[in-house]
Amino acid sequence: MSTVPLSTTTDLKRQPSKFAQLRALLESKPTEFLMEAHNGLSARIVEEAGFKGIWASGLALSSQFGVRDNNEASWTQIVDMLEFMSDTTRIPILLDGDTGYGNFNNLRRLVRKLEQREIAGVCIEDKVFPKTNSFIYGERQPLADVDEFCGKLKAGKDSQNDPDFSIVARVEALIAGWGLDEALRRAEAYHGAGADAILIHSKLSQADEILAFAREWAGRAPLIIVPTKYYSTPTEVFRKADISVVIWANHLIRAAAAAMAEVAREIHATETLVNIEDQVAPVSEIFRLQGAEELLAAERRYTASPDAETGAIVLAATRGEGLESMTQERPKVMLPVAGIPLLRRLVDKFKRQNINHITTVTGYKPEAIDVKGISLVHNPDYALSGELSSLTCALEALSEDTIITYGDLLFRSYILRDLRHMPGNIVAVVDSAMPPGKTENIRDAAFCSQPDDRSLFRQDVDLLRVETQSETLHGRPSGRWIGMVRVAGEGRQWLLNALQALRQQEHFPQLGMPDLLNYLVANGHPIKVLYVNGHWLDVNNMEDLTRAGDFAHGHQQ
Ligand code: SPV
Ligand code: MG
């Protein structure tokens with residue numbers, strides 16, 4: 001199956017040119033098949049179905065524009081659509097070029113424009129511009145003068161650059177009721193003028209006149225047929241008659257028209273989508289056909305900005321100690337601060353910085369989490385386990401650079417912005433703003449290689465350890481880890497390995513994020529420090545909640 005994304009032609013050089021492919025189909029001894037397409041999507045679908053070539057049908061192209069098959073769409077509008085079809089596919093396209101949209105000179109220009117878009121060939125019919133579809137009063141339509149048409153063919157062949165570009169001459173003598181002899185006379189003349197193949201058309205419901213033509217023609221040049229009207233003829237008959245190419249000329253546009261009409265009627269009648277959803281292609285299938293995956297991969301390859309690639313994991317499983325009266329029915333992260341739940345505020349902060357892939361680990365009262373635009377994963381053991389157990393529930397999110405954060409934080413936006421742009425595979429945010437001499441009651445005390453020197457623009461400081469038992473701190477901490485860390489590049493693998501190792505430990509269910517940070521440092525993985533000075537808070541009790549309200553209103557620094 002092809003994997004060419006729409007609008008990408010990068011791999012086309014590795015296979016025979018589209019011109020050579022079409023020529024090979026025309027000259028193939030076994031009968032080959034072209035399938036109609038009328039835009040980029042249908043061309044892609046034809047290729048994925050396994051066809052080796054595409055018929056860019058004039059009937060289908062005009063009808064997808066909603067106009068008649070009478071050259072109402074201009075030739076440049078047709079060529080514009082062909083460009084989309086060609087960009088989407090690796091297989092060759094034969095354009096149904098009607099009469100060539102004018103005289104010999106118009107055809108010369110058309111051939112050059114088609115070649116520029118890698119359209120492998122054009123079929124022109126010996127009628128008069130503006131033409132009408134052969135199945136509408138075909139017998140009343142005037143045929144082109146043979147000499148004039150031969151001149152047009154010669155001009156087209158003389159103007160092509162690629163020797164494999166093909167020009168097919170379509171004989172309308174049977175359609176117009178001029179009989180077999182005239183059809184053969186014309187076919188012979190066109191072949192002599194340089195046509196690479198002859199398309200013999202018929203509007204009868206039986207294949208007799210086509211088969212008679214094929215017998216008399218006797219393989220003088222490749223022969224193409226369009227069995228729209230004599231569709232009940234077994235394909236084996238065409239093979240036996242040495243038909244080079246059979247064109248299934250209009251069946252995708254007809255399939256689309258029937259399906260669209262049915263779906264539109266159903267939705268209009270029922271005023272709901274519920275009956276139709278399972279009958280139409282899922283949106284994901286449309287994305288696949290458009291090549292959406294390729295663009296995501298290209299973004300990863302070509303966008304230097306971290307904006308496109310950072311996700312977030314929010315640890316939000318706990319009920320929240322010290323807030324029991326407020327958390328009967330909801331986890332702590334759903335407590336409103338100035339009317340907006342903590343988690344909603346956090347998610348908005350992320351989204352404003354284009355961090356849209358947000359995974360939240362739930363535990364206590366997950367049903368109360370009512371925040372749109374995030375993925376939820378559940379830690380069923382939340383009541384008996386700690387933060388690392390929750391984090392392991394969200395490991396899939398670590399396929400990209402990720403900010404891991406507690407769910408009860410409020411902070412100024414610049415903290416997140418600076419964290420994203422800080423170099424380092426793992427970066428922890430440490431608040432150095434502590435009242436002088438204060439070392440008691442510091443949760444998550446951070447010990448760092450250097451104290452915060454606020455006179456420096458960018459400090460290169462390593463985290464040494466985080467201590468959680470504030471009563472027994474070993475020395476004076478440099479600040480407090482605020483509960484937010486960025487994991488990027490190979491830091492993601494360090495973190496996965498550390499989690500894997502810690503899971504083997506018996507007391508894993510009791511471990512928290514500081515244990516993970518300490519394990520990483522102890523095993524030689526540097527954790528860089530981003531110092532901040534206030535401008536954040538976490539919510540652990542009623543007092544915090546009141547302060548959070550002030551903070552949210554911008555009353556507190
Ligand atoms: C087309 O597909 O536009 C053709 C073939 O010209 S037919 O409609 O059968 O004439
Ligand atoms: Mg046509």
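Trainee: Which helix gives the largest share of the lining of the second largest pocket?

Mentor: Bear in mind that this is a predicted model. About 610 Å³ of space lies in that second largest pocket, and Leu41, Ile45, Ala256, Ala259 and Met260 are the closest to its centre among the 20 lining residues. Helices H2 (40-49), H10 (251-270) and H11 (283-290) each give two or more residues to the lining. The largest share, eight residues, comes from H10.

Trainee: How many nonpolar residues does the lining of the second largest pocket have?

Mentor: Take the other classes out of the way: five lining residues are polar and two are charged. What remains of the lining of the second largest pocket is nonpolar, and that number is 13.

Trainee: Now the largest pocket: how many charged residues are in its lining?

Mentor: This one holds about 1000 Å³ of space, with Thr318, Glu321, Lys332, Glu387 and Arg443 the closest to its centre out of 34 lining residues. By class, the lining of the largest pocket has eleven nonpolar and twelve polar residues. The charged ones number eleven.

Trainee: Are H3 and H4 roughly parallel or roughly perpendicular to each other?

Mentor: Helix H3 (residues 58-65) packs on helix H4 (residues 75-88) with the axes 11 Å apart and at an angle of about 100°. Angles of 65 to 115 degrees count as roughly perpendicular. H3 and H4 are therefore roughly perpendicular.

Trainee: Which residues of H4 do Leu61, Gln64 and Phe65 in H3 meet?

Mentor: The residues of this contact of H3 with H4 are five nonpolar and two polar, with no charged ones. On the H4 side, they are Gln77, Ile78, Met81 and Met85.

Notes. Residues numbered from 1 in each chain as written. Chains lettered and ligands numbered in written order. Predicted model: local features only at pLDDT ≥ 70, side-chain atom pairs only at ≥ 80, totals over all residues. Heavy atoms only, no water. Axes fitted to C-alpha atoms, helices over the stretch in contact; angles between N-to-C directions. Helix = DSSP H or I, 4+ residues; strand = E, 2+ residues; numbered from the N terminus. Parallel < 35°, antiparallel > 145°, perpendicular 65-115°, else oblique. Contact = heavy atoms within 4.5 Å. Nonpolar A, V, L, I, M, F, W, Y, C, P; charged D, E, K, R; others polar. 1 Å grid on protein atoms, 1.4 Å probe; cavity = no way out; pocket = protein on both sides within 12 Å on 5 of 7 lines; lining within 4 Å. Points joined across faces, edges and corners; volume = space filled by probe spheres on them.
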